[in-house]
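User: Could you take a close look at one part of this model for me? I'd like to hear about a strand pairing and the charged side chains around it.

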Amino acid sequence: MPVAQPLGEGDGPLAVLGVASAGPDALAVQVRAPHGATLLAEGPDDRWFLAPAAAPDAEGVFSVEIAHRPKDAAGPIPLRLTLVSDADAIEVETHAPVGE
């Protein structure tokens, strides 16, 4: 089971440090994680489909494509991010900018 952890906090090997808009249909999720970690992203309900990249870039940023969302969606949306490594898992609930 993932351990709940606030955005930007955590002294262990896993942390979600920040979430930012990366265009109208993408988010950038900054993490601290060992090589091979995986990010799962869930929107507020089943009308959303979020597709994270398979691995973060060299700076520890996962690109998350917003592949499907309600047409009227705007502003910050509730977001659940689960970061998983071979040894640990954390879950962060936050809000993310959408459509910016």
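Analyst: Strands β4 and β7 (residues 77-84) run antiparallel, and 5 bridges join them. Strands here are DSSP runs of E, at least two residues long, numbered from the N terminus (helices are H or I runs of at least four), and two strands count as paired if DSSP finds at least two bridges between them. Before going further: this is a predicted model, where local features need pLDDT of at least 70 and side-chain atom pairs count only at pLDDT 80 or more, while totals for chains, interfaces and linings use all residues. Residues are numbered from 1 along each chain as its sequence is written, and side-chain values use heavy atoms, with hydrogens and water left out.

Now for the side chains. Glu-42 stands opposite Arg-80 in β7, and the side chains of these two also meet in a salt bridge at 3.6 Å, N to O. That pair links distant parts of the chain, with Glu-42 in strand β4 and Arg-80 in strand β7, 38 residues apart. By salt bridge I mean a side-chain nitrogen of Lys or Arg within 4 Å of a carboxyl oxygen of Asp or Glu. Glu-42 is partly exposed, at 36% relative accessible area, and Arg-80 is partly exposed too, at 31%. On this scale buried is under 20%, exposed is over 50% and partly exposed is in between (1.4 Å probe, protein chains only).

Arg-80 also meets the side chain of Glu-91 in a salt bridge, 3.7 Å from N to O. Here the link runs from strand β7 to Glu-91 in strand β8 (residues 89-96), 11 residues apart. Salt bridges with shared partners join Glu-42, Arg-80, Glu-91 and Glu-93 into one network. Glu-91 is partly exposed as well, with a relative accessible area of 24%.

Over the whole structure, the search turns up 5 salt bridges. One of them brings together the side chains of Arg-69 and Asp-25, at 3.4 Å, N to O. Arg-69 lies in the loop between β6 (61-68) and β7, and Asp-25 in the loop between β2 (15-21) and β3 (26-32), so this pair ties together parts 44 residues apart in sequence. Arg-69 is partly exposed at 22% relative accessible area, and Asp-25 is partly exposed at 41%.
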